[in-house]
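Have a go at each task before reading the worked solution.

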Amino acid sequence: MIRVENLVKKYGDFTAVNDISFEVDQGEVFAFLGPNGAGKTTTIKMLTTLLKPTSGTVEVDGLDPSISHHEVRKRFGIVFQDPSLDDELTAYENLELHCILYKVPRKARKERIEKLLGLFELWERRDDPVKQFSGGMKRRLEIARGLLHTPKILFLDEPTLGLDPQTRNHLWAHVQKLNHEEQVTVFLTTHYMEEADRVAQRIAIIDHGKIVAQGTSEDLKRRTSTQTLEQAFLALTGSTIRDEIAGSIDQMRQMSRMWRGGRR
Amino acid sequence: MNAVYVLWIRQLKRYSRSRARIVGSLGQPLLFLVALGFGFGPIFRRAGAGNYLQFLAPGVIGMTILFSAVFSGIELIWDRQFGFLKETLVAPVPRMMIMIGRTCGGATVSLVQGLIVVAICYVAGFRAASFASWPFAFVFMALIAIMFTAFGTAIASVLSDFQAFQLVMNFLIMPLFFLSGALFPLNGVPRALQIVAAVNPFAYGVDGMRVAFGASASQFGAVMDLAVLGAITLLLLGVGGYLFSKIQL
């Protein structure tokens, strides 16, 4: 379903993704793990037509995302790592907009929105503007939105970051259901190793833009002679803490607060 | 087509929900109208050029639309920074459609702003020559709105943050406004200034509106105004759409 060969992404001198190769089969749940700044999100961006690779081959359902953007976009759904909601719209309006963009039939819209808002316990707040939501609520809404339509491939970029255990369980239960019943291929990243261990059939570990190991959770544990996936992960990636390159986004947010003043 | 509609509606909702923006953006035109309109009025009349308010109003209406439209286009940077842009960029909708939806939304918003200023001008004493002036003037207002929203979108597609926003404002939008004849008649100004105005699309918009509202003198002629505005609008929609479709995150 996904095939990546010798994929490279460079920003000037900095190599974010350095010659990685992997394959994800149809109907598989694949976890892409790595420390902060390892290149996970950059890889997802290249798979989802948001970024052009410097070199290498990418195939999503047999199509090249940098050429057949539109065809590829029809095939996947994604929950982004950072926020992507419209704060000025209400929760319901955000989901409705998504349904229209993804051509969810009019009749099914209301029912699905209701179901997912219910599942993530946001139905009561459906008519409140998203800017009044807490961080956790926004995150839940974001996930609910990502699950509104049933794509062939679902990308989940650290979906559980900042969620309580209840919501995490709902999410993974729902994702596994999609995987079993609709054969949706799932490509996920997470920092919670036990989650990856539980839901993923295969795991790749990326560090400094390179894949350092891939296989089943058992393979990884055996190879590193460790008991848990977390230990295996640490054995493979070392224990130094990584700094992410400070994005201009934080600066921007601050500036926008000044700009908009009372509005936000 | 639904995607265009939903993105258009989105922008209208955002606009109607932010009263601060509606009121705030009316301050500048009001100030121009009062300070310049009434301040220079007597001199203008003494110089034998007629009623200055009557001359200035189309310029101020045009200015409102110009600034509001460019800002609507540039709001794209906001959506990029706050992430909503991603949601639309990965959607299975051709990016040209997304760009058109955004542009229609931004243009409608700035047109509404322009119409509010029309009402203010009317209260201040501005009068159209006849009832038939309105649809004609509306066409020019709409063209200015679409053209500069597309322009803002094109600029925002190549900027990743607001660092360059001041640059765009001071070196592109302000000159477009001040060197257009919106504030003063172009006949009799130095030749250099005349040439600058002749290559300034906004000048054609203001001139067209003046003709529509019944001004006796036109700088370029209404047909020329319409042709230039139409052509540049199409060009900017094309360029904006192309740059938008090339956005990487």
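**Exercise 1: a helix pair**

In this predicted model, the axes of helix 3 of chain B and helix 7 of chain B (residues 165–178) come within 11 Å and cross at roughly 150°. Work out how the two helices run relative to each other, then list what meets at the contact.

Solution. Start with the angle: over 145 degrees counts as roughly antiparallel, so helix 3 of chain B is roughly antiparallel to helix 7 of chain B. Next, the hand: this crossing is right-handed. Now look at the side chains. Helix 3 of chain B brings Met63(B), Leu66(B), Phe67(B), Val70(B) and Ile74(B), and these meet Phe165(B), Ile173(B), Leu176(B) and Phe177(B) of helix 7 of chain B. Sorted by class, that contact has 9 nonpolar residues, with no polar and no charged ones.

**Exercise 2: where the chains touch**

Describe the side of chain B that touches chain A.

Solution. Count first: 26 residues of chain B are in contact with 29 of chain A. Then see where they sit: on the chain B side, helix 1 (2–17), helix 3 (52–82) and helix 4 (84–89) each give two or more residues. Helix 1 of chain B has the largest share, 7 residues. Last, the classes on this side of chain B: 13 nonpolar, 6 polar and 7 charged.

**Exercise 3: sizing up chain A**

Check chain A against a compact globule.

Solution. For 264 residues, such a globule would have a radius of gyration near 18 Å; chain A comes in at 19 Å, so the two agree. Along its principal axes, the C-alpha trace of chain A spans about 50 × 45 × 40 Å. Finally, 40% of the residues of chain A count as buried.

Definitions and conventions
Residues are numbered from 1 along each chain as its sequence is written. Chains are lettered from A and ligands numbered from 1 in the order in which they are written. This is a predicted model: local features need pLDDT of at least 70, side-chain atom pairs count only at pLDDT 80 or more; totals for chains, interfaces and linings use all residues. Two residues are in contact if their C-beta atoms, placed from the backbone, lie within 7 Å. Helices (H or I, at least four residues) and strands (E, at least two) are DSSP runs, numbered from the N terminus. Ala, Val, Leu, Ile, Met, Phe, Trp, Tyr, Cys and Pro count as nonpolar, Asp, Glu, Lys and Arg as charged, and the others, Gly among them, as polar. The radius of gyration is taken over C-alpha atoms; the globule rule is 2.2 Å times the number of residues to the power 0.38. A residue is buried if 20 or more other C-beta atoms lie within 10 Å of its own, exposed if 12 or fewer, and partly exposed in between; C-beta atoms are placed from the backbone. Axes are lines fitted to C-alpha atoms, for helices over the stretch in contact, and angles run from 0 to 180 degrees between N-to-C directions. Angles under 35 degrees count as roughly parallel, over 145 as roughly antiparallel, 65 to 115 as roughly perpendicular and the rest as oblique. A crossing is left-handed if the near helix is turned anticlockwise from the far one by less than a right angle, and right-handed if clockwise.
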